[in-house]
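The paragraphs below lead through one protein model, beginning with the chain as a whole and ending with single residues.

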Amino acid sequence: MNTLAQEILKNFDDLPKTEQQAIAVEILNRVINFDVPPLTDEDLVLNAEELFLALDEQQIDYE
């Protein structure tokens, strides 16, 4: 991710939640027509594994 994209995300994080939601809706409306290939089973498994590892890490932090 380039510096401009990182700056955009930082500015987004600094906004009030209502503004974040409005921007998120606008971005989703713009990208909904992107030609993105469907996820493969392997992609889904890798994403699930990453999510579960992150959740495990959070659980360790709470204990």
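What radius of gyration does the protein chain have, and what would a compact globule of 63 residues have? In this predicted model, the protein chain has a radius of gyration of 16 Å, whereas a compact globule of 63 residues would have one near 11 Å. Taken along the principal axes, the box that the C-alpha atoms fill is roughly 35 × 35 × 25 Å.

As for secondary structure, the protein chain has three helices and zero strands, so that, read from the N terminus on, its elements run α-α-α. Helix H1, which covers residues 3–14 and has 12 residues, reaches 17 Å from its first C-alpha to its last, close to the 16 Å expected at 1.5 Å a residue. The N-terminal end of H1 is capped by Asn2, a side-chain oxygen of which lies 3.1 Å from the backbone nitrogen of Leu4.

Helix H2 spans residues 17–31, and Ile23 is found in it. Because its relative accessibility is 31%, Ile23 counts as partly exposed, the range for that class lying between under 20% for buried and over 50% for exposed. Ile23 also belongs to a nonpolar patch on the surface, which it forms with Leu15, Ile27, Leu28, Val31, Phe34 and Val36, and which has about 610 Å² of accessible area together.

Technical notes:
Residues are numbered from 1 along each chain as its sequence is written. This is a predicted model: local features need pLDDT of at least 70, side-chain atom pairs count only at pLDDT 80 or more; totals for chains, interfaces and linings use all residues. Side-chain values use heavy atoms; hydrogens and water are left out. Patches are made of residues with over 30% relative accessible area and no salt bridge: like charges are joined within 9 Å, nonpolar side chains (Val, Leu, Ile, Met, Phe, Trp, Tyr) within 5 Å. Accessible areas come from the Shrake-Rupley method with a 1.4 Å probe; for residues, only the protein chains shown count as cover. A salt bridge is a side-chain nitrogen of Lys or Arg within 4 Å of a carboxyl oxygen of Asp or Glu. Helices (H or I, at least four residues) and strands (E, at least two) are DSSP runs, numbered from the N terminus. Buried means under 20% relative accessible area, exposed over 50%, partly exposed in between (1.4 Å probe, protein chains only). The radius of gyration is taken over C-alpha atoms; the globule rule is 2.2 Å times the number of residues to the power 0.38. The expected span of a helix is 1.5 Å times one less than its number of residues. A polar contact is a pair of N or O atoms within 3.5 Å; within protein, one must be able to donate a hydrogen and the other to accept it, and residues adjacent in sequence count only if both atoms are side-chain atoms.
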